[in-house]
Amino acid sequence: QVKLIESTGGWVQPGASLSLSCEASGRTSSGGTMAWFRQPPGKEREFVAAIRRNDGKTVYSDAVKGRFTISRVRIANTVYLQMNSLQPDDTAVYFCAASGANYIVSAMANKDGYETWGQGTQVTVSS
């Protein structure tokens, strides 16, 4: 059984930066795919970024492209999300997700492909 533990989010002003982490504990494979999704208030869950653990291939949503960076420390089974130039529209509950599958690029953004989810952490961006 794999459990995902997310770090605490925060409340920041527009233009600020924030970093999130997600550690996978339990029995994990050397491969697989990990991702970040978010759910803004009153909206459905949406894709943010994903990374393939074996080769480090990354995929980003258009909304965060150029501002967010997803990275991983494979040995520690941990992924990070560095969020820069945060804006009010980035306000959401952020969830990390994991799958044992090495998804192709076109499938990495599909939330239905991830079988394990973190508890979610609140990120609020306001002035």
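## Terms and model

Buried means under 20% relative accessible area, exposed means over 50%, and partly exposed lies in between, with a 1.4 Å probe and protein chains only. This is a predicted model, in which local features need pLDDT of at least 70, side-chain atom pairs count only at pLDDT 80 or more, and totals for chains, interfaces and linings use all residues. Residues are numbered from 1 along each chain as its sequence is written, and side-chain values use heavy atoms, with hydrogens and water left out.

## Overall build

The protein has 0 helices and 11 strands. Helices (H or I, at least four residues) and strands (E, at least two) are DSSP runs, numbered from the N terminus. The order from the N terminus is β-β-β-β-β-β-β-β-β-β-β.

The C-alpha trace spans about 40 × 25 × 25 Å along its principal axes. The radius of gyration is 14 Å, which agrees with the value near 14 Å for a compact globule of 127 residues. That radius is taken over C-alpha atoms, and the globule rule is 2.2 Å times the number of residues to the power 0.38.

## Contacts and core

Contact means heavy atoms within 4.5 Å. Among contacts with a separation of 6 or more, 59% join residues 24 or more positions apart. Of the 127 residues, 43% count as buried.

A nonpolar core is a set of buried Ala, Val, Leu, Ile, Met, Phe, Trp, Tyr and Cys residues joined through side-chain atoms within 4.5 Å. The largest one holds 24 residues; Trp36, Val48, Phe68, Leu81, Met83 and Tyr94 touch the most other members. At least two residues of this core come from each of β3 (18–26), β4 (33–39), β5 (46–52), β7 (68–73), β8 (78–83), β9 (92–99) and β11 (121–125). A second, separate core has 9 residues, including Ala35, Phe37, Ala50 and Tyr114.

Leu81 shows the packing in detail. Leaving aside neighbours within four places in sequence, Leu81 is in contact with residues including Leu18, Leu20, Trp36, Val48, Phe68, Ile70 and Tyr94. In soluble globular proteins, nonpolar side chains tend to be buried together.

## Two loop serines

Ser61 sits in the loop between β6 (58–60) and β7. Ser61 is buried, because its relative accessible area is 14%. Beyond its neighbours within four places in sequence, Ser61 is in contact with Phe47 and Val48.

Ser85 is in the loop between β8 and β9. Its relative accessible area is 37%, so Ser85 is partly exposed. Phi of Ser85 is near 50 degrees, a positive value in a residue other than glycine.
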